Amino acid sequence: MLSKDKFEEIIVSTRSKSKLLELKEIYPEINIAENNKDLAKKAKYIFICVKQPEVKGVLDEIKEFLDHNKHVISLAGAITIENREEDFPFAVEIKSCAPGFFGFYF
């Protein structure tokens, strides 16, 4: 579990600003990014939590802000991340993990 003083390190972004405001009411310490690009500029660990067909679009949107210090984790099931790694001219770490019944599988 993340300690309360670490919530300030969390940056979130989504298309639905109302969902972000609801989340901010529950966790006032979190930071809200204006958009995915803004998040990618600031975050070291980026969790992509969209459906499988949308992953490519999100990666294309943020790739100019990724470098060898960034870690990208996709929660979309059945996506092959390895074929996306060749789209980046540097060593960005991209991992896929699928949520399972008992937790996450990397």
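**View 1. Strand 3 and strand 4 pair in parallel in this predicted model.** Strand 3 (45-48) is joined to strand 4 (residues 71-74) by 4 bridges. Strands here are DSSP runs (E, at least two residues), helices likewise (H or I, at least four), numbered from the N terminus; two strands pair if DSSP finds at least two bridges between them. Isoleucine 48 has serine 74 as its bridge partner in strand 4.

**View 2. The largest nonpolar core has 13 residues.** Such a core is a set of buried Ala, Val, Leu, Ile, Met, Phe, Trp, Tyr and Cys residues joined through side-chain atoms within 4.5 Å; buried means under 20% relative accessible area (1.4 Å probe, protein chains only). Helix 3 (55-62) gives the largest share, 4 residues. Leu39 and Ile46 are among the residues with the most contacts inside the core.

**View 3. Leucine 39 touches Ile11, Val12, Ser13, Ala33 and Ile46.** Residues up to four places away in sequence are not counted. Contact means heavy atoms within 4.5 Å.

**Notes.** Residues are numbered from 1 along each chain as its sequence is written. Local features need pLDDT of at least 70, side-chain atom pairs count only at pLDDT 80 or more, totals for chains, interfaces and linings use all residues, and side-chain values use heavy atoms, without hydrogens and water.

Note on methods. Buried means under 20% relative accessible area, exposed over 50%, partly exposed in between (1.4 Å probe, protein chains only).
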